[in-house]
Amino acid sequence: MSFLVRCILKESRRIQTITVHQQRNIKNWLAPTLKELYRRKEEYEYLHGPIPTPKRSAFIEWNFGSEIYAFGKRLGENFDDVLLRQAFTNSDYVRKIVEDQEKWGLETSDLTKNNSNEELSKEGRELISQYVFGFLRHALKKLPEEGVKCIHDKLLADEMLSHISRSLGTKDIILTTEHEPDDKTYATVFCAIVGALSRSSNAERTGGFIRDFVLTQLAENSISDFYIPNKAWETLASLIPGVDARLANQEGQGTIMAAYRVAIFDSKKNFLGEGFGETVKVAREMAAVDVLNKVFEIDESCSPLPLGPTDCPKIEEIGLKMNNPNPSINEVVPNVVRL
Amino acid sequence: MSAVKRVQQWASFARVWHLFDARWQNPFDSGVLIAKYLKGLYKPLYGAQSLCGDHVVVINCRHVALPGNEWRKRVYFHHATYPGSQTWTPAWEMHTRNPVMVMKKAVYTSMHGNLQRRHTMMRLHLFADEEIDPEIAPRISNVIKQIRPVPERLDLMPEEKVKSFPQIADLDKDYVIPELKEYPNWESKFRKMKKEGKKK
């Protein structure tokens, strides 16, 4: 071996290569730390009650203006900023501000005092009510007014509007004194948003908003889940004279798991509908409900609601139906041909 | 859940009461069939944890028909835990003591140690003869078809039917029809045949 090569080999033996491997694993200190934190939390909660989850707005990087702007844009609508802020301001929040200002001896302007969402909410609720009535009467022409009113009441219930409101993401933006807003607050805020939209935008956009968020709740379940006629058998007997209910099947008579099946026929022995129940009476009632659903065209085989962008009714068509109630259940003439 | 859906759910999971006539039937084949109805396996909505099993009422358990020499050869083992308490009871003896046990054990054994079989067996109702509990009778709404067709017995047929049956041959009036002999014990004959075979 040459002298140069021997020198290089000697030097290379002196250079020590250190290889460092980064290991990604759960550290030994992690589990004990978590256990200690959990123990401290349990101890505190035992002595002082449960720790409430903090409000999002309490964290440092909360920009209310950005949130409001983003909320409006998320819905694809052009809201007036002032009106939208007003829509989210609850009356108890305004009251608290006024109280605090009086406590500190400051003057409260009228703008602050009137900044709550009560008026907007009333406006919005009226608009939702009108549109829902108009849409239902337009889409379900054969459904009597009692049915329309029942579905309308269920759609405008606090639970339903609160559910819609929460799904839109109003939870963090609502200004209230209570730590977690309740159903009523959520519903008020949603109605106020609709009111703000109607003032910022035109009727067509407001109608579209109501259609897309309130009426689409009907699409999840069948319409007949929202409306079950009261005293169905008596109603049916008065509508279709000569209607006849017969016991088709029974199972487990005398047990708690008894099941009965009742079929309804007309005077010409045509099959109209059937129903099940844990007693004969319940079965007959549900059979009558089945027949009435077919008469009113809200059964499972009815055409879907016109909620899509192409088949939705125009605002003029809704407007026509807003103040024209459907015939009452006593005036309905059943379409026997379809049955 | 709306009322319409609740009622539909009720009807879907209603427990059906079936009737099965065990007369002339092989209990081991019948056990497999009955277990299928007890578990609810024929239902499209079957699920092992769905509690969709049905009730089966078995009548005429006394008149069950075991194949071949099962009456003599099949033994039921029992151990009462203390030493020397093991017993082997042949099927004919079990049947005389309790005419329902052969059918019951046939259904139980058909489930091969399944953990749910104790629970499934609770819906089985066995009766030795045609008489059923008067509380159970109105609940029955289906009859399970028998596996083996029940033959008509010559001695139980009406006389006119026997006499009107067409004769194979024209016999004289004095001709005496001999009585049927009892068939000899086929087992002993088989053993003889085996021994003869071995000798050869």
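Modeller: Start with chain A. The C-alpha centres of domain 1 and domain 2 of chain A lie 41 Å apart. Keep in mind that this is a predicted model.

Colleague: Where does the domain assignment put domain 1 and domain 2 of chain A?

Modeller: Domain 1 covers 64–223. Domain 2 covers 228–297.

Colleague: Which feature does UniProt place at residues 78–202 of chain A?

Modeller: The record says "domain: RNase III". It comes from an unreviewed entry.

Colleague: And how much helix and strand is there over residues 78–202 of chain A?

Modeller: That stretch is 70% helix and 0% strand. Its end C-alpha atoms are 10 Å apart.

Colleague: Switching to salt bridges. How many does the structure hold over all chains?

Modeller: The total is 27. One pair is Arg199(A) with Glu123(A), at 2.6 Å from N to O.

Colleague: Where do Arg199(A) and Glu123(A) sit in the chain?

Modeller: Arg199(A) is in helix α10, residues 183–200 of chain A. Glu123(A) is in helix α7, residues 118–139 of chain A.

Colleague: Now chain B. How many residues are in contact between chain A and chain B?

Modeller: On chain A, 19 residues; on chain B, 17.

Colleague: What area do chain A and chain B bury between them?

Modeller: About 1,600 Å². Carbon and sulfur atoms account for 61% of it.

Colleague: Which three residues supply more than any other three of the area that chain A buries against chain B?

Modeller: Glu251(A), Met257(A) and Phe276(A). Together they supply 36% of the area chain A buries there.

Colleague: How many salt bridges are counted between chain A and chain B?

Modeller: The count is 2. In one salt bridge, the side chain of Arg6(B) meets that of Glu278(A), 3.5 Å from N to O.

Colleague: What about residue pairs in polar contact across the interface of chain A and chain B?

Modeller: The rule finds 6.

Colleague: Which elements give two or more residues to the side of chain A that touches chain B?

Modeller: β1 (244–251), β3 (271–277) and α14 (280–296) of chain A. α14(A) gives the most, with 3 residues.

Colleague: Last one. How do the residues of that side of chain A divide into nonpolar, polar and charged?

Modeller: There are 9 nonpolar, 7 polar and 3 charged residues on the side of chain A that touches chain B.

Key. Residues are numbered from 1 along each chain as its sequence is written. Chains are lettered from A and ligands numbered from 1 in the order in which they are written. This is a predicted model: local features need pLDDT of at least 70, side-chain atom pairs count only at pLDDT 80 or more; totals for chains, interfaces and linings use all residues. Side-chain values use heavy atoms; hydrogens and water are left out. Contact means heavy atoms within 4.5 Å. Buried area is the accessible area (1.4 Å probe) that two parts lose on being put together, summed over both. A salt bridge is a side-chain nitrogen of Lys or Arg within 4 Å of a carboxyl oxygen of Asp or Glu. A polar contact is a pair of N or O atoms within 3.5 Å; within protein, one must be able to donate a hydrogen and the other to accept it, and residues adjacent in sequence count only if both atoms are side-chain atoms. Helices (H or I, at least four residues) and strands (E, at least two) are DSSP runs, numbered from the N terminus. Ala, Val, Leu, Ile, Met, Phe, Trp, Tyr, Cys and Pro count as nonpolar, Asp, Glu, Lys and Arg as charged, and the others, Gly among them, as polar. UniProt positions are given in the numbering used here, feature names are shortened, and annotations may be inferred rather than shown by experiment. Domain bounds come from an automatic or database domain assignment.
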